Amino acid sequence: MSFSVLIVEDDPMVSDILRRVIERMNGFKVAGISATETDALSSIARLSPDLILLDIYLPTGNGLNILKHVRHRELATDVILVTAAKDVQTISATLRFGAIDYIIKPFDLDRLKAALKNYARMRKVFHKKEEIRQDDLDKIANRVDPDAEEVKEPFHEDLPKGVHQLTLEQLLTILLREKKPMTCQEIATAMAMSKITVWRYLEYLVETKMIKYSLLYGSTGRPSKLYFIEG
């Protein structure tokens with residue numbers, strides 16, 4: 001099975017991160033990206049996505065209105081909130097209107113991947129069976145990943161001493177945002193960190209195959225490494 005995803009997000013950097021995560025997940029594809037309520041409603045009618053990753057705060061309109069629209073029209077589209085809104089009233093409203101998950105920004109990439117895996121597992125269970133056992137339902141409701149050990153992601157591993165997940169994610173965000181190979185010094189400047197610290201993180205990301213590098217040869221001296229995210 002494959003699942004089409006509509007991203008509703010007005011921040012280009014965040015929508016780009018979401019797009020890249022989705023494109024790297026087996027069985028998922030990005031159907032479209034919308035930055036306003038009006039465009040999102042049009043995209044939903046035109047694309048009939050399986051899943052919407054939905055922000056609440058939009059420059060025009062509101063994500064909650066989009067969720068209500070999906071439910072009032074009884075569309076076969078599921079919704080996962082990815083938003084900075086964390087007040088109880090908003091969260092309660094989205095759950096009452098049938099959102100299947102809620103991820104608060106700034107989000108953890110592993111949390112987002114887990115939500116997508118759980119969604120895929122739920123859809124596959126619903127597709128294969130006319131009746132569902134209690135343990136299958138519990139695995140979906142409790143977001144238990146039976147394949148967790150086999151599909152362990154790099155960030156699930158014990159990080160080396162002095163390497164922190166938030167800094168790793170900040171570094172990856174910069175590489176995604178700049179969309180070009182960068183030297184260690186350029187990244188260090190963008191992160192306002194020392195070059196030696198950034199170099200340690202870059203070496204870890206290369207070792208775990210999260211990023212790659214190419215060599216830039218000058219007229220003299222050692223070649224410079226240019227780091228980038230493939231794809």
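Predicted model: local features only at pLDDT ≥ 70, side-chain atom pairs only at ≥ 80, totals over all residues.
1. Helix H7 (residues 165–178) packs against helix H9 (residues 195–207) at an angle of about 85°, and their axes lie 11 Å apart. Because angles of 65 to 115 degrees count as roughly perpendicular, H7 is roughly perpendicular to H9.

2. Here is who does the touching. H7 contributes Thr167, Leu168, Leu171 and Leu172, while Val198, Tyr201, Leu202, Tyr204 and Leu205 come from H9. Sorted by class, the H7 contact with H9 has eight nonpolar residues, one polar residue and no charged residues.

3. Now to the annotated region. The unreviewed UniProt entry assigns "domain: Response regulatory" to residues 4–120. Over that stretch the chain is 46% helix and 22% strand, with 11 Å between the end C-alpha atoms.

4. Asp55 deserves a look of its own. UniProt, again in an unreviewed entry, lists Asp55 for "modified residue: 4-aspartylphosphate". In the model, Asp55 sits in the loop that runs between strand E3 (51–54) and helix H3 (63–72).

5. Is Asp55 buried or exposed? Its relative accessibility is 4%, so Asp55 counts as buried, the cut-off for buried being under 20%.

6. Which residues surround Asp55 in your viewer? Leaving out residues up to four places away in sequence, Asp55 touches Val8, Glu9, Asp10, Gly63, Val82, Thr83, Ala84 and Lys105. With one of these, Thr83, there is a polar contact between side chains, at 3.0 Å from Asp55.

Technical notes:
Residues numbered from 1 in each chain as written. Heavy atoms only, no water. UniProt positions renumbered as here; feature names shortened; annotations may be inferred. Helix = DSSP H or I, 4+ residues; strand = E, 2+ residues; numbered from the N terminus. Buried < 20%, exposed > 50% of the residue type's maximum accessible area, 1.4 Å probe, protein only. Contact = heavy atoms within 4.5 Å. Polar contact = N/O pair within 3.5 Å; in protein donor to acceptor, adjacent residues only side chain to side chain. Axes fitted to C-alpha atoms, helices over the stretch in contact; angles between N-to-C directions. Parallel < 35°, antiparallel > 145°, perpendicular 65-115°, else oblique. Nonpolar A, V, L, I, M, F, W, Y, C, P; charged D, E, K, R; others polar.
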